Structures are given as C-alpha cells and as structure tokens.
Amino acid sequence: MVPQTFTFQVPTDVVFGPGSLARLPEVVAPFGERLLVVSDPGIAAAGILEKVAAQVQATGRRTEIVADVEPNPSVETVERATEAYRRSGAQWILAVGGGSAMDVGKAVALLAVHPGRIGAYEGVGKVPGPTAPLVCVPTTAGTGSEVTIFSVITDRQRKFKMPIGSSHLLPRAAVCDPDLTVSMPQALTAATGMDALTHAVECYTNTTYHPIAKALALDAIRLIGRNLRRAYANGRDLDARAQMLLASTMAAMAFTRTRLGNVHAMSHPVGAHFDVPHGLANALLLPYVMDWNLPGCLETFPAVAAALGEAPDGLPPRGAAAVAVDAVRQLNRDLGIPERLRDVGVTLESLPVLAQDAMKSGNVLVNPRATTYEEMRALFERAW
Ligand SMILES: [Fe+2]
C-alpha cells in the first residue's frame, strides 16, 4: 500500500490480566459516588455481576443496576437504562458484559449529556461533545467494545442496526480479566471468538491505510488461531481464555481505526431482521465473504493463513490466499458454527432487503473488493 496519513490514539486506560478485577476500586477512584451498572441476565445468573458490583460497592459508592440488556439491544432498552440513570442521580456508568451491555453503556453515557433520542446520533462523528464517564468490564472475548468508538443499537421499528461512532464514546477505562470469561458457554465462546477473528481479518485485509492497526490485527489473528479451539474445547483453560481476551481487545483497538468490511455490513441486517446474535452471524458469513474477496487479497490472505497456523509458503499467490479461506471454513466446522443463513432462520424472500441494508454500511466502502448491490445480493444467496 502507498503510505498515507493516519492518526493513532489509545485513550482508554486498559488494565489486563487474570485477577485484574481486584484493581477495579483504583480504576473507579476518579469517578463519582453514584453510578449506573449496566449488564445482562446471563452475567447476573453466572454471579459475575454481583462479584463486580461488590468491588465498587466496597468503595462506598452507590449503585443502581439495570441487568436486562438483550442481544442486539434496542432503542427501548437504551431509553429505560437512561431513565434509570437519571432517576438514580448517577454520575457515571459501569458496563459489565459482552458487546450488548457495553454498547448500551455507551448509549446511556451519550444521552446522559446530550438531548434527544439515540437515533439522532446515528452515523460517525455526530456526537457533539464529551459524554458521561464509562468504565467497561468485558466478560466475553469477542466484541472488544471496551476500546472502540462504536455503539450499535437496534431500531426494532425500522429493523435496522444503527452504528453510532464517535471518539466521545470511548470508555475511560477497561478492566479485562480473563477469569470473568471462564464461565462462558461453549457456543458463546465460539461465536464471540469468531467475532474477534472477523474484526481482525476485516481490519487486516481492508483498504484503509493504517500500518499500526494492521500489525495489531495480524497478531490478533495469530492469537486466535492458536487459542480459540483450545478455549472452546476446555473453557477452564485459563491461558487460552487470556490469549483470546487479549486478541479481542487488540483486534478492536485495530478495527476502530480502520472500520471493517462486507462481513459486518451483512451481519448487521441479519441481526436486525432475524435477531441472530452478532458473533454467530459474522462467523457464518466470514468464509463466504473471504471467498468473494480473494482476488483483492492475494497479498494479505497468505499472511492470514500463516497467522492461523497454516503453511501457504511455496504455493502460487492464488493458492496461498485460498488456504486462508479453507482455514476459516475448517475453524467454523470445529466450533460447531452452522454453515448456511437458512440454518439460523434467515428466509430466502428477505435477501434483497438484507442486501439493500448491507449496502448502507460504511464498511462496504473499505471492503477489499468493490461491491455492487447485485453482487451483495449474490453474496447473500451464496451464504443462504
Ligand atoms: Fe463485530
């Protein structure tokens, strides 16, 4: 790639490592006495919410808890949580969970300071100024939302996932403790891990010039190649869990600067129309999109294949690139990911609308192969 201008900031303070939850009291020290905790029912049932909240309550702070965030969280959930924030007199937000809880945390942080409904801020760069402080404690190894500028909220009326991107949405701090990811069920480990891989592959191969992000992305691919099967096979493997959490945070630090590609453009309408969890939709779509992108990835896919532990050396460029596509397809099989969109409830009649919505995504513009509406529809048909 021809060198171009780029910028790089890592404004979120990240504390990483097994047992790092014990450092939450010092992380929250700069923030006010009252806070809203945002989480989801799975995290509450696993006892993680209680454990994290106890760390903050031990500092004398008063917590209001909203623990009913759903997958593909809605505008209504954001409004309810914002109402709880105002009612309780909270001064900042602590999000505990996967992408859904953290994305709702970001949206509440926004509405706590700026007027109107969340839909008014859809797009990139629409948030006019600082938001309420947000601290994130991720419990999955996939989304990386703890270090990104994005919140994705679903408008159920329009059946549309709205990306809201602004540097004002970056969390102030994140405590990334792999111990908290150990109780993730197998299917969630697979889907969230493949979300992280999709972030890394789309970032590494897209057309954005950003050598620092690309280096982070390639190393995230390497970590995922070595550890995702291990974490899936044995959730108690703390080393594999730690490497996966590291990979998801690195991949997100990377893609938040480069955007992604067609997989995310396509998975958002699939989630909005059929409520398919984000990671699962990405996992399923990734090999189809990579196969389509291959002519634009003759230089990058061989490196992806090598990072995934394959040996493409000595093959001609096309063959070496194809090894990456096969490696991802095989990884999906090993993780029990369904192979076709119809297997997760997507209907044939919906594909033209899904393709239309996918074309609205800014991610299409940086995909390594330029894509027309007709080609997008054909991609959906192939994956169906
Ligand atoms: Fe994602």
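These legends accompany a set of close-up views of one predicted protein model.

Because the model is predicted, local features are given at pLDDT of at least 70 and side-chain atom pairs count only at pLDDT 80 or more, while totals for chains, interfaces and linings use all residues. Residue numbers start from 1 along each chain, following the sequence as written.

**View 1. The whole protein, as a starting point.**
Welcome to the overall fold: the protein has 14 helices and nine strands. Both kinds of element are DSSP runs numbered from the N terminus, with helices being H or I over at least four residues and strands being E over at least two. The radius of gyration is 20 Å, close to the 21 Å from the globule rule for 384 residues, so the protein is as compact as a globular protein of that length. Here the radius is taken over C-alpha atoms, and the rule is 2.2 Å times the number of residues to the power 0.38. Along the principal axes, the C-alpha trace spans about 65 × 45 × 40 Å.

**View 2**
Strands count as paired if DSSP finds at least two bridges between them. Residues are in contact if their C-beta atoms, placed from the backbone, lie within 7 Å.

**View 2. The open sheet of three strands.**
This sheet has the order β5-β8-β7 and mixed pairing. Its edge strands are β5 (123–124) and β7 (150–155), each pairing on one side only. β7 and β8 (residues 160–165) are antiparallel partners over six bridges, whereas β5 and β8 pair in the parallel sense over two bridges. For residue-level landmarks, D155 has F160 in β8 as its bridge partner, T154 stands opposite K161 in β8, and G123 is bridged to I164 in β8. The hairpin of β7 and β8 has four residues between the strands, and there K159 takes a positive phi near 50°.

**View 3. Helix α6 against helix α8.**
Helix α6 (residues 186–205) and helix α8 (residues 238–258) pack at an angle of about 40°, their axes 8 Å apart. The two are therefore oblique to each other; angles under 35 degrees count as roughly parallel, over 145 as roughly antiparallel, 65 to 115 as roughly perpendicular and the rest as oblique. α6 passes α8 in a left-handed crossing, a term for the near helix being turned anticlockwise from the far one by less than a right angle, with clockwise giving right-handed. On the α6 side, G193, A196, H199, A200, E202 and C203 meet residues of α8 including M244, A247 and F255. By class, this contact has nine nonpolar, four polar and one charged residues. Ala, Val, Leu, Ile, Met, Phe, Trp, Tyr, Cys and Pro count as nonpolar, Asp, Glu, Lys and Arg as charged, and the others, Gly among them, as polar.

**View 4. Helix α9 crossing helix α13.**
The axes of α9 (residues 262–274) and α13 (residues 351–359) come within 8 Å and cross at roughly 130°. That makes α9 oblique to α13, and their crossing is right-handed. From α9, A265, M266, P269, V270 and H273 meet L354, D357 and A358 of α13. The contact has six nonpolar, one polar and one charged residues.

**View 5. Helix α10 crossing helix α14.**
Here α10 (residues 278–293) and α14 (residues 373–383) bring their axes within 10 Å, crossing at roughly 130°. α10 passes α14 in a right-handed crossing. L284, L285, Y288, V289 and W292 of α10 make the contact with L379, R382 and A383 of α14. By class, it has seven nonpolar, no polar and one charged residues.

Terms used:
Axes fitted to C-alpha atoms, helices over the stretch in contact; angles between N-to-C directions. Contact = placed C-beta atoms within 7 Å.
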